[in-house]
Amino acid sequence: MQYGEFLGKVQDRIGPTQGSAASDEASSAIAATLEALGECITGEEARNLADQLPKKIKEPLQQASEDAKVCSLETFLRRVSEKEGVDAGTATDHASAVMSVLGEAASGGEMEAIRAQLPQGFDALFGK
């Protein structure tokens, strides 16, 4: 999946915002969600996922540390909220949009490996 398609799908799932504000909002949501995700999975798994994503959004995952931090869904969403500078409800909507698009952009095997490192509560973000 190319960056423009990834960004467009996230924008569509986030909902109505006009013009460049929509692109900026989706871009911020992607960066914040991937950075938070990179903190919750091992560095190796983060880099494996990054290898399947467009170049423009790989960096937050490529900078993940080797050790995953214990990460509940609540902690993950708080991190997204803080990184993006939005309220908890918006962070949940944005993270869900990004994670569902990730599920389309990455291979099924890679997404299974990611999910195996996350608590069961994350299934809701993947649309499961």
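Helix α5 spans residues 73-84, and its 12 residues reach 16 Å from first to last C-alpha, close to the 16 Å expected at 1.5 Å a residue. Helices here are DSSP runs of H or I with at least four residues, numbered from the N terminus, and the expected span is 1.5 Å times one less than the number of residues. The model is predicted, with local features needing pLDDT of at least 70 and side-chain atom pairs counting only at pLDDT 80 or more, while totals for chains, interfaces and linings use all residues. Residues are numbered from 1 along each chain as its sequence is written, and side-chain values use heavy atoms, leaving out hydrogens and water.

Several residues of α5 are buried, among them F76, L77 and V80, and also R79 and E84. Buried means under 20% relative accessible area, exposed over 50%, and partly exposed in between (1.4 Å probe, protein chains only). Just after the helix, G85 adopts a positive phi of about 75 degrees.

Turning to charged contacts, the structure holds 8 salt bridges, each a side-chain nitrogen of Lys or Arg within 4 Å of a carboxyl oxygen of Asp or Glu. In α5, R78 pairs with E82 at 3.5 Å between the closest N and O atoms; being 4 residues apart, the two are separated by about one helical turn. R78 is partly exposed at 44%, whereas E82 is exposed at 56%.

E104 and R13 form another salt bridge, with closest N and O atoms 2.4 Å apart. E104 lies in helix α6 and R13 in helix α1, so the pair ties together parts 91 residues apart in sequence. A salt-bridge network links E5, K9, R13 and E104.
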